[in-house]
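Notebook open, model loaded. I want to go from the whole chain down to a few single residues.

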Amino acid sequence: MTFSIAGRCGRTGMLGVAITTSSISVGARCPWVRAGCGAVSTQNITDPELGPVILDALAAGRGAEEAVAEAVRRPHIEYRQLTVVDSSGEVAHFTGEHILGIHAVAQGDGCVAAGNLLAHDGVARVMVETFTAAAGRHLAQRLLDALAAGVDCGGEQGPVHSAALTVAHEQSWPLVDLRVDWEDDGPVARLQKLWRAYEPQMEDYLTRAANPAAAPSYGVAGDP
């Protein structure tokens with residue numbers, strides 16, 4: 001009931017996840033990123049605690065494989081599907097024995113895609129191929145393109161209703177954190193529209209945090 005891609009940009013060191021699912025508010029539970037550490041998706045029958053657990057292990061110096069190995073010692077892991085990319089681009093994944101429906105994992109250079117209840121087992125591979133082919137683009141765009149490619153090649157067996165995109169760079173907060181919590185039809189297309197609106201403003205928000213006096217006008221009533 002979920003498919004996702006986690007990736008790292010080799011040029012900038014950005015880390016991120018794009019994800020979509022049939023249930024509400026996938027962005028609140030499944031994707032986790034931390035600058036300088038990694039990007040994680042915890043999906044299928046989700047345990048949100050696994051995201052911070054894996055990121056903490058990466059922050060402590062473990063690689064992606066070691067971090068996943070620690071996480072899979074936790075209870076009920078047979079119901080979980082995990083993907084990880086660390087700050088060096090190493091990837092790791094885990095799929096428990098009770099994962100729902102057709103499921104698949106594919107990995108490439110600095111990325112890993114996975115899903116369950118898929119229309120067919122080629123969805124993850126198409127996502128990785130799309131991500132890899134766009135190495136010169138912004139990481140957020142590459143992740144979104146890969147997610148859209150997963151939808152276009154069949155995606156889940158049923159409709160998806162929520163989607164999320166989160167990317168970490170140099171700050172302690174995400175550079176990008178966009179969510180579609182519920183859409184009757186086409187949450188990934190809606191997420192793409194949000195990204196197109198957000199991208200031109202993204203650097204302005206960083207300036208407002210670092211140097212408010214140099215920030216551009218807010219463009220609202222009462223703002224000189």
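Charges before anything else: I count Lys and Arg as positive and Asp and Glu as negative, leaving out His and the chain ends. I place each charge at NZ of Lys, CZ of Arg, CG of Asp or CD of Glu. With that settled, I looked up the protein chain and got 16 positive and 26 negative charges, whose mean positions are 3 Å apart.

A note on the source: this is a predicted model, where local features need pLDDT of at least 70, side-chain atom pairs count only at pLDDT 80 or more, and totals for chains, interfaces and linings use all residues. Residues are numbered from 1 along each chain as its sequence is written, and side-chain values use heavy atoms, with hydrogens and water left out.

**Whole chain**

I found six helices and ten strands in the protein chain; these are DSSP runs numbered from the N terminus, with at least four residues (H or I) for a helix and at least two (E) for a strand. The radius of gyration is 17 Å, close to the 17 Å from the globule rule for 224 residues, so the chain is as compact as a globular protein of that length. (That radius is taken over C-alpha atoms, and the rule is 2.2 Å times the number of residues to the power 0.38.) I also read off the span of the C-alpha trace along its principal axes, about 60 × 40 × 30 Å.

Next I checked burial, and 48% of the 224 residues count as buried. Buried is under 20% relative accessible area, exposed is over 50%, and partly exposed is in between (1.4 Å probe, protein chains only). For contacts, meaning heavy atoms within 4.5 Å, I took pairs at least 6 apart in sequence: 52% of them join residues at least 24 apart.

**Cores**

Which residues touch the most other members of the largest nonpolar core? Ile 5, Leu 165, Val 176 and Trp 195 do, out of 36 residues in that core. Helix H4 gives the most to it, with seven residues. A second, separate core has 15 residues, including Cys 37 and Ile 77. By nonpolar core I mean a set of buried Ala, Val, Leu, Ile, Met, Phe, Trp, Tyr and Cys residues joined through side-chain atoms within 4.5 Å.

Apart from neighbours within four places in sequence, its contacts include His 138, Leu 144, Leu 165 and Met 202.

Ala 149 lies in helix H4, residues 139-152. I had it down as buried, because its relative accessibility is 14%. Not counting residues up to four places away, Ala 149 touches Val 126 and Thr 130.

Val 180 lies in strand E10, residues 176-180, and is buried too, at 6% relative accessibility. Val 180 and Leu 144 are 36 residues apart in sequence and 13 Å apart C-alpha to C-alpha.

**Positive phi**

Most residues other than glycine have a negative phi. I noted Ser 25, with phi near 55°, in the loop between strand E2 (15-21) and strand E3 (31-34). Ser 25 is buried, with a relative accessible area of 16%.

Asn 44 has a positive phi as well, near 75°. I found Asn 44 in strand E4, residues 38-44, and buried at 3%.
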